[in-house]
Amino acid sequence: MINRRLLEDGLKMFGISVDDETVSLLDGFSDFVIQENKRFNLTSLTDADSFTEKHLIDSLSSLSFIPQGAALCDVGAGAGFPSFPIAAVRRDVSVTALDSTAKKTDFIERAAKKFSVSNLSCLTKRAEECTHERETFDVVTARAVAPIGILAELAIPLVRPGGIFIAYKTDSSDIPSEKTLSVLGAALKESFSFSLPSGDKRVLSVFLKTDRTSPDLPRRYGVIKKSPLK
């Protein structure tokens, strides 16, 4: 169960309001995550306040950057954060949850069906394998899955020119260099810093896709991890 007051108050920081039906949906989703967490590891945050703050409020902090009617891909979707909350609150956005682990995409698919979130679908692949999806999304998100230098090479090739990549991080210390971003066909648009209700620091680093990405990128994950672009 979520902390409804904490959710509503936390979202006010971003100028977001949610109706009772959506709050109840997110509440039901939290219960479903906790229930399924007994079968396989989805999250270590199981108390109401932590779940509400660090999964829901954090996930929804990016909404003002997401255009109306956007096609969005969430890279490394895991248990569905931020993909499920975004899809639940923004029914105008077509959300694809991308993860290489079938158990996790299966969970997200079951959650989408259970709660009738019809604008959420899943893709079980590694980001570097997504040749057909290349440069097709208006927005790509990634939350706490790797350093931005690695994320950028995996995520930016999926963004169409003129679209954006949003990286959810705790600080902006590992922003890729202008040279690296130029190679990927992107530039830093802005970094939005804020604090969660508990005081925990967060940063949304928003990158604009300025040009097409070289067809040679992204490289294999092991190569990216061993030798990030510089």
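Student: What is the volume of the largest pocket?
Tutor: The model is predicted, and in it local features need pLDDT of at least 70 and side-chain atom pairs count only at pLDDT 80 or more, while totals for chains, interfaces and linings use all residues. Residues are numbered from 1 along each chain as its sequence is written, and side-chain values use heavy atoms, with hydrogens and water left out. A pocket is here an open set of points, on a 1 Å grid over the protein atoms alone, where a 1.4 Å probe fits and protein lies on both sides within 12 Å along at least five of seven lines. With points joined across faces, edges and corners, and volume taken as the space filled by probe spheres set on them, the largest pocket has a volume of about 710 Å³.

Student: Which lining residues are the closest to the centre of the largest pocket?
Tutor: A residue belongs to the lining if it has an atom within 4 Å of a point. Of the 33 residues that line the largest pocket, the closest to its centre are V75, G76, R143, A144 and V145.

Student: How many charged residues are in the lining of the largest pocket?
Tutor: Ala, Val, Leu, Ile, Met, Phe, Trp, Tyr, Cys and Pro count as nonpolar, Asp, Glu, Lys and Arg as charged, and the others, Gly among them, as polar. Besides 15 nonpolar and eight polar residues, the number of charged residues in the lining is ten.

Student: Are the rings of F165 and F207 stacked or edge-to-face?
Tutor: Rings of Phe, Tyr and Trp (its six-membered ring) pair if their centres lie within 6.5 Å, and the planes count as stacked under 30 degrees apart, edge-to-face over 60 and tilted otherwise; the whole structure holds 13 such pairs. One of them joins F165 in strand β5 to F207 in strand β7 (residues 201-209), 42 residues apart. Because their centres are 5.6 Å apart and their planes at 20°, the pair is stacked.

Student: Is F207 buried or exposed?
Tutor: Buried means under 20% relative accessible area, exposed over 50% and partly exposed in between (1.4 Å probe, protein chains only). F165 has a relative accessible area of 1% and is buried. F207, with a relative accessible area of 1%, is likewise buried.

Student: Which residue has its charged end over the ring of F115?
Tutor: The ring of F115 belongs to a cluster linked by ring pairs, in which F29, F32, F51, F81, F84 and F107 also take part. A charge sits over a ring if NZ of Lys or CZ of Arg is within 6 Å of the ring centre and within 35 degrees of the ring normal. The charged end found over F115, 5.8 Å from the ring centre, is that of K114.

Student: Which residue in the turn between β6 and β7 has a positive phi?
Tutor: Strand β6 (residues 186-195) is joined to β7 by nine bridges, and the two run antiparallel; A187, for example, has L208 as its bridge partner in β7. The two strands form a hairpin with five residues between them, and the turn residue with a positive phi, about 100°, is G199.

Student: Is S116 buried or exposed?
Tutor: S116, in the loop between α5 and β3 (120-124), has a positive phi of about 55° although it is not a glycine. E135 also has a positive phi, near 55°, and at 10% relative accessibility it counts as buried. S116, by contrast, has a relative accessible area of 53% and is exposed.

Student: What is omega for the peptide bond from L217 to P218?
Tutor: The peptide bond from F81 to P82 is cis, with omega near 10°, and P82 is in the loop between β1 and α4 (83-89). P218 lies in the loop between β7 and α8, and the bond from L217 to P218 is cis, with omega near 0°.

Conventions:
Helices (H or I, at least four residues) and strands (E, at least two) are DSSP runs, numbered from the N terminus. Two strands pair if DSSP finds at least two bridges between them.
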